[in-house]
Amino acid sequence: MFEHLEPVPGDPILDLLQAFIADPRPQKVNLSVGIYYDEHGQVPLLESVAQAQHSVLEAAPSRSYLPMEGDAEYRRCVGQLVFADSVDTQTFSVVTVQTVGGSGALKVGADFLQGAYPQATVWVSDPTWDNHYGIFEGAGFSVRRYPYYAAATQGFDYPAALAAFEALPASSIVVLHPCCHNPTGVQPSQAQWHGLLDALQTRNAVVFMDMAYQGLGLGLDEDAWLVRECARRGLEFLLANSFSKTFSLYAERVGALSVVVRKEQATTLMGQLKRAVRRNYSSPPLFGSLLVKSVLGDPARAALWRTELAAMRGRIIDLRRGLFEGLTTRMPQRDFSNLLHQQGMFGYTGLSPEQVDALREQHGIYALRTGRICIAGLTAENTERVCDAWAAVVAPT
């Protein structure tokens, strides 16, 4: 029946994770998948989440279906965390649906936009998270890239990005990373964002933001600056967000899609989003949203979570500095300061695919062939080993 089908290449991240699991070497290090690990190499259970879990289980909630749009209190908590008071509620509404993680938010948004703008082209940063292509192409869009990372400076290529935005066809769909860019960790400055937003407004672009790491870059409010600036400008736009990383709830698939829209269009918009949800998974999962709203909706737990998140963010920053210092000590002739300027869980190393292969094959250090590493996969114990291996493949004696 299926002899005519062609093999599909595996996912480069998840396949690498399986290879890491199968690797018998005891000193192996996983810097590939975007998961926050603690100092012991474990996915942590946050104390705020543990308290919420105890409370939720004790209450023994019904396991009936949630509405297509998800839990109302959860959606309210999402809106407050992400937008704060940036939306002019006299003119605009924030329409939010609970989704199956951030990927589900992107999928629901892509399907909705396919009905609203079927002839549009989707523009993603070069480089971007690989699944952006899969999700938007799967929804029927042509996907193109706009300049983002400048290899020569190891920073943001503002002139090229601005020129690309100024030349966009009207009503193009543009995917932005408000914080902690995946995979590079490189972010435009606020002044550069202002220039880019001016160009997008002039071209009447449809802005779709993907924010999976709020709080792991500079801080909860700082990382949401672009989202709130778009709201303050009176833009209508889409935002996908996720609590996988920031609550350490990877398997629970807790996310949301929010759309800022004029108040008179809010009811129609919600109906459109619910139809997209119905065609995908009908209703979102329950347990993770109960945990998130139990934390965000309780002042004491919310304060504890913010403290825990700040500790995670601080540890990532410390790990960046430790990596920078270790590499600089071993290779003083090279400049590794780009690692310090990047934000969030990921680092863009500049390693070639062949050097990444050598790290894995010779030293058991797993990274993506693009040179992206997950900083949160480092520990005080394995950083020295990673630095030794890095030096061995980059500057062999």
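Me: What is the mean pLDDT of the protein, and what share of its residues reach 70 or more?
Reply: The mean pLDDT (the predictor's confidence in each residue, from 0 to 100) is 94, and 99% of the residues reach 70 or more. This is a predicted model, in which local features need pLDDT of at least 70 and side-chain atom pairs count only at pLDDT 80 or more, while totals for chains, interfaces and linings use all residues. Residues are numbered from 1 along each chain as its sequence is written, and side-chain values use heavy atoms, with hydrogens and water left out.

Me: Why is Met 209 called buried?
Reply: Buried means under 20% relative accessible area, exposed over 50%, and partly exposed in between (1.4 Å probe, protein chains only). Met 209 has 0% relative accessibility and therefore counts as buried. Met 209 lies in strand S8 (residues 206–211); strands (E, at least two residues) and helices (H or I, at least four) are DSSP runs, numbered from the N terminus.

Me: Which residues are in contact with Met 209, leaving aside its neighbours within four places in sequence?
Reply: Contact means heavy atoms within 4.5 Å. The partners of Met 209 include Leu 176, Pro 178, Leu 226 and Phe 237. The C-alpha atoms of Met 209 and Leu 176 are separated by 4.7 Å, although the two are 33 residues apart along the chain.

Me: Why is Met 1 called exposed?
Reply: Its relative accessibility is 83%, so Met 1 counts as exposed. Met 1 belongs to the segment before helix H1 (12–22).

Me: What makes the pairing of Glu 229 and Arg 232 a salt bridge?
Reply: A salt bridge is a side-chain nitrogen of Lys or Arg within 4 Å of a carboxyl oxygen of Asp or Glu. The N to O distance between Glu 229 and Arg 232 is 3.3 Å, and their side chains meet in a salt bridge. Being three residues apart in helix H9 (residues 225–232), Glu 229 and Arg 232 are separated by about one helical turn. Glu 229 is buried, at 11% relative accessible area, whereas Arg 232 is partly exposed, at 47%.
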